[in-house]
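Hi everyone, thanks for coming. Today I'd like to walk you through one protein model, step by step. Please have a look at it first.

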Amino acid sequence: MHSSLVTKTGLEYGRGIMDHVNHTWIQSFILVGFTATGTLRLLAFSGTLCIYLLTLAGNLFIIVLVQADSGLSTPMYFFISVLSFLELWYVSTTVPTLLHTLLHGHSPISSAVCFIQLYVFHSLGMTECYLLGVMALDRYFAICHPLHYHALVSRKVQLWLAGTTWMAGFSAALVPASLTVTLPFCSKEVAHYFCDLAPLMRLACVDTSWCAQVHIVVIGMINACNLVLILGLYGGILRAVLKLPSAASRAKAFSTCSSHITVVTLFFGSAFIVYVGPAGSRPEGTDKLIALVYSFLTPFLNPIIYTLPNKEVREAVRRVSQRIRAMLKGP
């Protein structure tokens, strides 16, 4: 009797191991994003597609304009063009699956593509986090050290800073992405419109609380350190601006920072809520809506925020337009 009990227990244990292995090798997932029916589905799809195309056009416009007009050949506009280049890839990482889920209600995705999307999305997100810090540093040098600005932020330094942000972002994302990839999964339906950390961890067959803590520490520390850096730099900028003699010069100095402050608020505010805040305190489905802010809305608004209030950009558009008209008229 004792022997049969041992044999039965061994068989059950072996079956459990086999089930665990089978769950680990899930070949595909199903993205279950926003559900809509009939006319609402078509409206949501059409609206999202229009905003996506406008986002691509707006960010491409900034990149081309900075390259085409010598009046924008300053460090600030170089970093803005780098941000626009990043946003092109950032929005294109998630919107295609969002469009597919809006049109069909769900979107099948292979596990390999899902994990690649997870890694690339977080790599670009962390790169943007670092880049926003670099842009704050650029404003600090421009306002607090105007006489040495071009020496401090030379072309070589600009390229080095831009390259470092990309290297740092793609390196930091390896930690949360690799931990998620190694989890055994028991279910295939991802309650999101793209492969993100929390929705994938909910499908795991094991306790992922330790994994979630690592994600919070890594992502939270990177976000917090960059945010503290930005706040510290703006503290120095504020002290320098308040010392300026005239109200006009103070207003001009603040105007060069307002666009960056708006983008920082949108990006860090939504990212902290999703990746650092307590998930249990939010209603189900809230993460998907908040994710739209930093993964879709912010890339769409960035070209508007950086161009419409900016007199230099409007002047550059006028100059480039005149050159194009002159070229079309011919000799």
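Let's begin with a word we will need: a residue is called buried when its relative accessible area is under 20%, exposed when that area is over 50%, and partly exposed in between. Take F121 as our example: its relative accessibility is 1%, so F121 counts as buried. You can find F121 in helix α4, which covers residues 111-144. Now look across to T93: F121 and T93 are 28 residues apart in sequence, yet their C-alpha atoms are 6.3 Å apart in space.

Please keep in mind that this is a predicted model.

Now let's step back to the whole chain. It has 12 helices and three strands. Of its 331 residues, 44% are buried. Among contacts with a separation of 6 or more, 81% are between residues 24 or more positions apart. The accessible surface is about 17100 Å², and carbon and sulfur atoms hold 71% of it.

On to the strands. Start with β1, residues 28-31. In β1, F29 and L31 sit on the covered face, while S28 and I30 are on the uncovered one. Which way do β1 and β2 run relative to each other, parallel or antiparallel? They run antiparallel, joined by four bridges, with β2 spanning residues 107-110. Across that pairing, S28 faces S110 of β2. Strand β3, residues 189-190, runs parallel to β1, and two bridges link them.

Next, the aromatic rings. The structure contains 14 aromatic pairs. One of them is F78 with F79, an edge-to-face pair with centres 5.4 Å apart and 65 degrees between the planes. Why is it called edge-to-face? Because planes over 60 degrees apart count as edge-to-face, and here the angle is 65 degrees. Both partners are buried: F78 has a relative accessibility of 10%, and F79 has 1%. Do also look for the aromatic cluster made by F85, W89, Y119, W166 and F170.

How many salt bridges does a search of the whole structure find? It finds three. In one of them, D69 and R319 meet through their side chains, at 2.6 Å from N to O. D69 is in the loop between α2 and α3, whereas R319 is in helix α12, so this pair ties together parts that are 250 residues apart in sequence. D69 is buried, at 4% relative accessible area, but R319 is partly exposed, at 29%.

Another salt bridge joins E315 and R318, whose closest N and O atoms are 2.7 Å apart. These two are three residues apart in helix α12, so about one helical turn separates them. E315 is partly exposed at 29% relative accessibility, and R318 is partly exposed at 39%. There is also R139 with D138, at 3.2 Å from N to O. Here R139 is buried at 8%, and D138 is buried at 3%.

L238, L242 and F254 make a nonpolar surface patch of about 280 Å². L238 belongs to helix α9, residues 209-242, and is partly exposed, with a relative accessible area of 40%.

Definitions and conventions:
Residues numbered from 1 in each chain as written. Predicted model: local features only at pLDDT ≥ 70, side-chain atom pairs only at ≥ 80, totals over all residues. Heavy atoms only, no water. Patch = residues over 30% accessible without salt bridge, like charges linked within 9 Å, V, L, I, M, F, W, Y side chains within 5 Å. Areas by Shrake-Rupley, 256 points an atom, 1.4 Å probe, with all protein chains shown as cover. Salt bridge = Lys/Arg side-chain N within 4 Å of Asp/Glu carboxyl O. Buried < 20%, exposed > 50% of the residue type's maximum accessible area, 1.4 Å probe, protein only. Pairing = 2+ DSSP bridges. Phe/Tyr/Trp six-rings, centres within 6.5 Å; stacked < 30°, edge-to-face > 60°. Contact = heavy atoms within 4.5 Å.
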